[in-house]
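My entries follow the order in which I worked.

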Amino acid sequence: MSEARSTRTRTPRAEADDVATADRAATTDRAATADEAVDREAGDREAGDRETATADETGDRETCPECGGRTRVEGAERVCGDCGLVVEADRIDHGPEWRSFDDDDTNPKRTGAPLTRSRHDRGLSTEIGRSTKVKGRKRRRLARMRTQHNRAQISTKRDRNKVYAYTEIRRLTGVLELPDSVRDTACSLFDSAQEESLLRGRSLEGFAAACVYVACRTADVARTVGEVCAEAKASEDEHQAAFDAMNRELGLPIAPTGPAEYLPRFASDLGCDPAVERRAGELADRAVEEGIANGRNPVGVAAACLYTAARELDAECTQQEAADVADVTPVTVRRTYVDLTEE
């Protein structure tokens, strides 16, 4: 049985078309290969240029431009080891801008201002800002929104009193140069007085001054009633009324002040030596033990102790200077000095 043969024949035109198609495909392949070679050569050339630039830059930094010596890094500076030229200084620190002094491994982030007791809302309030780019009707609408927002923040008389008292406390602590801990303690004390309804019929300025004075007493910061009332908007009578009310109702944990509490500040104002301050401390303790300070102003006793110590150690200090620092009369200093020097 004979095999069947194909009767299909190819014309010369079809064969010519096949040859042309094969030639075009070969040309395309050769062009693509050439393009890949060119791209690869360009990439190699660019990488070489980068490596050369990096090497040149590193070499420039490691070589002194003046003498050609080697440089080394010392702290935040790159210094030449031969001639001492500072090649590079004040390098950029790419680390975080915050610092953590905690012992744990926390990762602090920028989360806004911390909470504070010196604000009626603990510092969490927001405000509608102002912009010069807003014009016309939109600007007037934002002004109305700002007014309503401010009214909503202080909606009751209780909050209004707290805002006013906190503002006065911050002003007093700033004028008297008191630390933030005293400011926060004074604000907490005002909250306690307001919760016990001690403000009715009394002055808010007097309570602000009394809270600052009590905070100073509890923190062992030497400030007298006269110094606080001199900067406050309240009189000494208003301060005394508020202080008596808080001491009676809240049971303030404060004790009578002693002359030793005022010695460091008075000695600093007079420019006394440390030896004079130490001797004045010994005299103040003796005055308390022997009853010399009983019934006397501790401020005047502290000034007299400093004057007595200065006389014993031949330091320059007059009775008038000691009295001016303590805001007392020279007679007060003289009487305590006589009692301290009697044998």
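The model is predicted, so I kept to its limits: local features need pLDDT of at least 70, side-chain atom pairs count only at pLDDT 80 or more, and totals for chains, interfaces and linings use all residues. Residues are numbered from 1 along each chain as its sequence is written, and side-chain values use heavy atoms, with hydrogens and water left out.

**Helix 9**

I took helices (H or I, at least four residues) and strands (E, at least two) as DSSP runs, numbered from the N terminus. In helix 9 I found Val 276, Ala 280, Gly 281, Leu 283, Ala 284 and Ala 287 buried. Their cover includes helix 8 (263-270), helix 10 (298-312) and helix 12 (330-341). I then checked the length of helix 9, residues 274-289: at 1.5 Å a residue its 16 residues should span 22 Å, and the end C-alpha atoms, 23 Å apart, agree with this. The expected span is 1.5 Å times one less than the number of residues. Just after helix 9, I noted a positive phi of about 85° at Gly 291.

**Cores**

A nonpolar core is a set of buried Ala, Val, Leu, Ile, Met, Phe, Trp, Tyr and Cys residues joined through side-chain atoms within 4.5 Å. The largest has 31 residues, and Ile 169, Phe 190, Phe 207, Cys 211, Val 212 and Met 246 have the most contacts inside it. Helix 3 (157-175), helix 4 (180-195), helix 5 (204-218) and helix 7 (236-250) each supply at least two residues of this core. Helix 5 gives the most, with 11 residues. Apart from this core lies another, of 30 residues, with Phe 266, Ala 284, Ala 293 and Ala 326 among them.

**Ala 165**

I located Ala 165 in helix 3. At 0% relative accessibility, Ala 165 counts as buried. Leaving aside neighbours within four places in sequence, Ala 165 is in contact (heavy atoms within 4.5 Å) with Phe 190 and Ala 208. Its C-alpha atom is separated by 9.9 Å from that of Cys 211, 46 residues apart along the chain.

**Helix 8 and helix 11**

Lastly I looked up where helix 8 meets helix 11 (residues 319-326). Phe 266, Asp 269 and Leu 270 in helix 8 meet Glu 321, Ala 322, Val 325 and Ala 326 in helix 11.

Methods: Buried < 20%, exposed > 50% of the residue type's maximum accessible area, 1.4 Å probe, protein only.
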